[in-house]
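Hi there,

Here is the structure I promised to pass on.

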Amino acid sequence: MNFEEFNLHPGILAGVRALGYTTPTPIQVQSIPPIMQGRDIIGLAQTGTGKTAAFVLPTLQRLLQLPRGRIGAVIISPTRELAEQTCEAIDDLGQKTGLRSIAIYGGVGMDQQIRRLRSGVEIAVACPGRLLDHIWKGTINLSNVEILVIDEADRMFDMGFLPDIKSILKCLMKPRQTLLFSATMPDDIRRLVQDTLHNPVTVQIGHSAPAATVSHALYPVKQHLKTALLIELLRRHETESVLVFTRTKYRAERIAQQLKKAGFRATSLHGNLTQGRRQAALDGFRAGSVKILVATDIAARGIDVLSISHVINYDIPESTDAYTHRIGRTGRVDKKGDALTFVTGADTALVKDIERILKTTIERRRLKGFNYEMSEPDIKSVHTTKKVFERRHIGTQTYNNRPAYEKSPAGLCLT
Ligand code: AMP
């Protein structure tokens with residue numbers, strides 16, 4: 001199948017060609033035709049499958065038939081990064097359509113968003129909280145919305161956005177077309193679907209298992225040796241862009257600092273950074289000037305960098321769904337990727353769950369020549385001077401002038 005067969009407007013096809021897409025991905029093949037017929041959709045697809053274009057292309061098609069200068073489509077996103085990226089996809093795919101989009105999220109002033117809304121846009125890509133702020137202030141007009149997309153619904157539920165989404169739904173006119181995308185289908189999302197979608201078509205890609213192009217490996221290691229192992233792995237592996245996941249913001253910051261000191265082009269991405277620093281981190285990663293991004297799960301939502309060759313779970317994710325989401329950052333469309341997970345003795349149950357969804361036993365690896373027997377005091381004494389500097393540096397630069405070690409019980413140890 002090719003994109004011409006969808007009967008998309010020539011202006012939209014020009015955008016598809018400009019991005020170099022030649023063959024639609026399975027989620028696009030299955031969902032674009034029913035969406036173009038006006039059907040509601042439940043898209044069970046993980047990131048990396050091409051789901052954004054699956055809803056953006058038919059949305060653009062519909063909006064071309066509506067009057068300009070008023071919002072005809074709303075896309076709800078869990079994070080500002082994903083909202084920005086979806087807007088970029090709209091700008092790229094819709095570059096020859098003249099349709100305009102806005103990304104709406106908190107953490108930045110409202111005035112600029114209000115000015116852009118007043119100037120006339122057709123698509124709003126919004127995080128739930130800030131969208132509600134605009135609704136309550138009367139600075140956004142949603143009375144002409146005909147298409148609603150709820151993207152990464154399961155993640156929004158995890159982040160506690162469900163009540164906000166329900167409030168937004170009350171402000172939208174009916175009937176409208178609703179498209180809901182989610183990697184998994186927890187009960188609350190199922191209920192939301194029953195209450196919100198009308199006779200939906202379900203499109204399922206990949207049963208929420210990670211992409212087949214990803215190879216998986218576990219590195220059993222003691223907690224205090226993780227940073228040393230990470231540095232050694234990065235030194236020895238040939239990598240393009242690497243995404244390292246940690247469980248806490250503090251740890252993401254600290255590891256990025258340690259990698260920089262070890263000579264890597266690394267930076268961190270987490271919720272304690274200002275919007276400017278988050279954007280700079282993402283831009284650097286996308287442009288390739290930053291090779292290693294150390295991120296928390298939430299901050300990394302929606303990172304869309306095609307050349308991510310390695311996802312390294314410094315800390316094992318808290319659930320199998322989170323594993324799927326993290327790993328979805330690599331092996332995108334038909335690229336190959338490696339998913340390396342550091343595991344300690346405490347992670348046994350989660351490892352079993354992950355192996356169950358992968359339907360295979362994950363290879364256990366040991367890094368040859370790495371000193372797995374180094375004791376905690378040994379490794380600490382090597383880095384003591386550096387740590388003191390790091391704590392001050394992180395404490396003053398990033399955490400509102402509070403020393404970083406106050407924020408973490410792990411502040412005095414290296415891992
Ligand atoms: P998504 O799952 O929407 O985050 O998309 C993952 C990546 O695949 C993005 O970088 C898209 O630009 C890219 N992509 C989407 N559709 C196609 C396609 N048909 N051919 C090649 N790349 C695509």
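**What I found**

Seven strands make up an open sheet with parallel pairing, in the order E10-E11-E9-E12-E13-E8-E14. Strands (E, at least two residues) and helices (H or I, at least four) are DSSP runs numbered from the N terminus, and two strands pair if DSSP finds at least two bridges between them. At the edges sit strand E10 (266-269) and strand E14 (363-364), each pairing on one side only.

A word on the source: this is a predicted model, where local features need pLDDT of at least 70, side-chain atom pairs count only at pLDDT 80 or more, and totals for chains, interfaces and linings use all residues. Residues are numbered from 1 along each chain as its sequence is written, and side-chain values use heavy atoms, leaving out hydrogens and water.

Among the buried ones are Tyr 323, His 325 and Arg 326. The buried residues of H13 pack against several elements, including helix H7 (153-158) and helix H14 (348-358), with contact meaning heavy atoms within 4.5 Å.

Finally, Thr 184 is in the loop between strand E6 (177-182) and helix H9 (187-196). Thr 184 counts as buried because its relative accessibility is 11%. Leu 44 is 140 residues away from Thr 184 in sequence, yet their C-alpha atoms are 6.6 Å apart.

Enjoy exploring!

Methods:
Buried means under 20% relative accessible area, exposed over 50%, partly exposed in between (1.4 Å probe, protein chains only).
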